[in-house]
Amino acid sequence: MTVDYGAQGFTDILVSLDGGVAVVTLNRPKQRNTFAGTMPQEIVTVFDLLDRDDRVRVVVLTANPAAPAFCSGADLNNGWKSMFAHSPVETEGLRAHRDTGGKVTMAIFRCRKITIAAVNGHAVGVGVTGFQLPCDFRFVWAGAKLALPFVRRGISAEAGSSYLLPRLLGHAKATALLLTGGTFTPDSPLLQGLYHQILPTRDAVFPAALAFAQDLAANTSQTAIASTKALLWHGADSIEEQHILESRVLAELASSGDAAEGALAFKERRPVRFVDILGKNLTDWVPWWRPVDVTYHRTKL
Amino acid sequence: MTVDYGAQGFTDILVSLDGGVAVVTLNRPKQRNTFAGTMPQEIVTVFDLLDRDDRVRVVVLTANPAAPAFCSGADLNNGWKSMFAHSPVETEGLRAHRDTGGKVTMAIFRCRKITIAAVNGHAVGVGVTGFQLPCDFRFVWAGAKLALPFVRRGISAEAGSSYLLPRLLGHAKATALLLTGGTFTPDSPLLQGLYHQILPTRDAVFPAALAFAQDLAANTSQTAIASTKALLWHGADSIEEQHILESRVLAELASSGDAAEGALAFKERRPVRFVDILGKNLTDWVPWWRPVDVTYHRTKL
Amino acid sequence: MTVDYGAQGFTDILVSLDGGVAVVTLNRPKQRNTFAGTMPQEIVTVFDLLDRDDRVRVVVLTANPAAPAFCSGADLNNGWKSMFAHSPVETEGLRAHRDTGGKVTMAIFRCRKITIAAVNGHAVGVGVTGFQLPCDFRFVWAGAKLALPFVRRGISAEAGSSYLLPRLLGHAKATALLLTGGTFTPDSPLLQGLYHQILPTRDAVFPAALAFAQDLAANTSQTAIASTKALLWHGADSIEEQHILESRVLAELASSGDAAEGALAFKERRPVRFVDILGKNLTDWVPWWRPVDVTYHRTKL
């Protein structure tokens with residue numbers, strides 16, 4: 001499947017695609033790239049499309065550098081309750097609420113391609129949790145202020161952060177990051193391990209992430225990446241069961257064109273030319289896990 | 001609910017409360033603060049009370065500096081079997097044993113307020129595992145000797161350490177800490193991430209922890225803290241289920257007084273004045289998890 | 001139980017035993033210590049034996065220094081499909097595949113003694129995942145090149161690495177290590193915490209690991225080590241259930257000869273002399289978990 005991104009009518013994001021690398025740019029500079037308007041829904045839509053577009057191998061998520069921040073988080077002018085506006089909550093009550101940050105997190109998390117956040121500015125709240133944590137890699141400006149102020153604003157952890165932070169960094173760091181409600185810079189010991197590369201200037205972040213993306217797009221197998229991501233995040237409860245899963249994935253991949261090409265290119269000491277795509281070559285027993293429907297189904301007609 | 005701590009008859013600990021910060025002091029200086037006497041049971045009792053006392057926002061656990069150690073661990077003079085004395089083990093056998101260190105760990109772990117260990121001296125065995133690991137934050141003296149000698153004394157990991165260490169720091173560090181049976185100083189790479197702050201002198205530990213506690217007590221929401229702690233430690237098995245949990249917690253909190261105050265204070269650029277309390281304002285579907293009864297129920301009448 | 005290792009007919013490994021420390025040496029120097037020939041099966045066999053040999057307290061896995069690498073990984077000359085040769089896959093199809101690297105990982109993982117990888121050379125693929133990750137400790141040469149090239153060769157994570165890496169180091173590092181398909185040196189931030197000690201020369205690795213092994217063999221209890229390893233890797237889903245497990249293990253150990261000796265030696269300020277062995281003194285309710293049979297059972301007669 002291929003997608004015409006220009007035809008999607010996006011207003012708050014920009015999308016480009018070149019050589020297997022898609023670039024998604026948060027583009028609300030006049031609103032300080034707040035997490036508002038149609039931006040959240042556009043991110044959900046575009047990551048669902050990028051997941052299925054067979055041309056895409058790597059996605060870089062960055063911000064228009066004209067904005068004063070990578071993402072300024074939620075717009076608090078009307079208070080937290082405003083997050084319920086125009087949602088089923090109005091007619092169905094609080095149980096109908098689905099955290100918008102969590103929707104964004106899951107759309108990125110579900111993307112079977114390599115995802116990279118290029119954090120070229122400050123980030124607040126969901127600008128950290130929703131746009132950065134679900135990515136496979138994070139590049140950041142050394143001067144970026146990274147704020148997780150939830151408990152100092154009267155609300156709890158959101159956007160999957162209470163799931164992702166303990167798994168990404170361990171509970172000691174996750175607890176400290178979330179319970180202090182603090183603002184951190186990338187060199188904080190509490191963030192050690194979260195950022196793949198820290199760049200000295202705002203301008204240096206995107207080129208570094210792009211070069212990294214281009215190498216991975218050219219030299220990694222789409223099916224191998226998707227399978228490895230699935231094994232990492234949808235693994236079994238015991239090493240024995242994981243061994244069965246890994247063996248099954250490996251058996252199919254080892255018989256694939258990409259595996260033959262990978263071994264041959266190694267033998268011939270030349271660059272690989274992987275051509276297998278998820279839409280055709282991914283084993284048909286993925287997913288092996290039970291998908292969970294998180295949609296709120298209205299009870300009133 | 002409020003508690004009169006002076007009326008509890010504690011003999012091995014001191015308890016004070018000021019401005020939302022409770023301080024619990026291990027106070028067996030003549031016995032080198034060994035984990036013996038009534039100290040363990042008093043810690044269990046006081047953390048159960050602090051959990052429910054609506055005035056308490058942060059708990060600091062420290063030691064009387066007159067003691068030569070923060071906690072010298074178990075008293076080994078009568079061997080490990082002495083841990084069964086005056087317990088159901090005498091009449092019901094070994095299966096009736098409940099590790100006293102584990103009881104302490106769980107009492108601190110269950111406390112829904114922010115918990116901070118101010119480790120102003122050496123710590124041995126349960127002095128690390130029972131008094132430090134279940135806390136949200138740990139402050140420590142740079143010169144503290146931290147010993148985990150279990151396998152060198154013929155016994156296995158206790159006080160929840162085999163559960164908490166892998167989650168706090170990962171299995172690589174947890175394995176190294178427990179299988180070497182070693183003694184470490186806070187700058188050990190194996191402890192990297194465990195201590196929030198390392199102070200140069202014994203005397204500097206408590207003031208640093210107290211100042212940190214006072215900031216959190218003044219500026220964080222009790223309901224937001226309790227909800228975030230519950231999400232971190234009682235999370236779901238998939239990110240989708242966690243999204244549902246987070247959304248439900250967030251919906252109730254976003255409608256709360258503390259959330260309104262948090263957004264308003266931000267808008268007005270002034271300090272917050274949170275007033276919501278767990279006894280009245282915590283959503284009534286917490287806990288969402290299945291509590292486990294660990295009490296031993298005697299079979300003989 | 002004791003084993004005559006010389007009678008096992010091993011051709012690709014060497015095995016020695018002295019003072020409770022077994023040394024297993026990968027010994028295919030002419031084939032660059034590739035993961036081929038009978039080496040994988042010999043490793044599975046020997047770790048099963050070392051697990052049950054009551055004389056063994058610590059196992060060091062290292063390589064013949066005459067080889068140019070600790071382990072050069074799979075032999076890619078015939079492509080990945082060659083991994084199916086002489087296996088049930090030929091008659092039963094891909095679902096009959098069991099990853100050989102995973103078999104090695106699980107044999108080491110199941111060993112109830114302390115296991116140490118002494119990585120005295122470069123390591124590729126399964127030379128990292130199968131021979132290093134399942135060990136309790138890893139010693140490494142500072143100049144070692146450690147390659148995880150799977151996704152650049154068209155295949156997915158194997159040898160239990162998708163299970164072990166997230167648990168050992170957290171998902172942030174595990175994702176970066178596996179999705180880049182990169183080659184790392186031990187000082188890489190992505191490997192921080194994985195190696196217990198980094199040595200300046202190839203020659204320094206084994207002696208350092210051996211001295212570490214000898215200390216642990218002399219001063220730790222076999223039953224305490226086996227119990228602690230079981231608690232760390234076969235723990236419960238909640239801290240309360242883990243408390244029950246820990247209490248049960250601790251009750252039996254605290255009544256054991258090794259625990260009495262551990263307390264007495266401490267009191268008398270002398271070295272311990274532990275004599276309890278797994279074959280006789282390990283509590284009879286280990287394992288408490290459900291063992292998983294991963295063998296492929298042929299459907300055709």
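A salt bridge here is a side-chain nitrogen of Lys or Arg within 4 Å of a carboxyl oxygen of Asp or Glu. By that rule, B:D215 is joined to A:R152 in this predicted model, with 2.7 Å between the closest N and O atoms.

Residues are numbered from 1 along each chain as its sequence is written, chains are lettered from A and ligands numbered from 1 in the order in which they are written, and side-chain values use heavy atoms, leaving out hydrogens and water.

**Where chain A meets chain B**

- Counting contact as heavy atoms within 4.5 Å, 47 residues of chain A touch 51 residues of chain B.
- The two chains bury about 4100 Å² between them, 67% of it on carbon and sulfur atoms; buried area is the accessible area (1.4 Å probe) that two parts lose on being put together, summed over both.
- On the chain A side, the most area is lost to chain B by A:R152, A:H171 and A:L179, together 17% of what that side buries.
- The rule finds one salt bridge across this interface.
- There are also 13 residue pairs in polar contact, both residues at pLDDT 80 or more; such a contact is a pair of N or O atoms within 3.5 Å, where within protein one must be able to donate a hydrogen and the other to accept it, and residues adjacent in sequence count only if both atoms are side-chain atoms.
- α6(A) gives the largest share of the chain A side, nine residues.

**How the copies are related**

**A sheet in chain C**

- Four strands of chain C make an open, mixed sheet in the order β4-β6-β8-β9; strands are DSSP runs (E, at least two residues) numbered from the N terminus, and two of them pair if DSSP finds at least two bridges between them.
- β4 (69-71) and β9 (183-184) of chain C each have a single partner strand, so one side of each lacks a neighbour in the sheet.
- β4(C) runs parallel to β6 (residues 122-124) of chain C over two bridges, and C:A69 stands opposite C:H122 in β6(C).

Note on methods:
Predicted model: local features only at pLDDT ≥ 70, side-chain atom pairs only at ≥ 80, totals over all residues.
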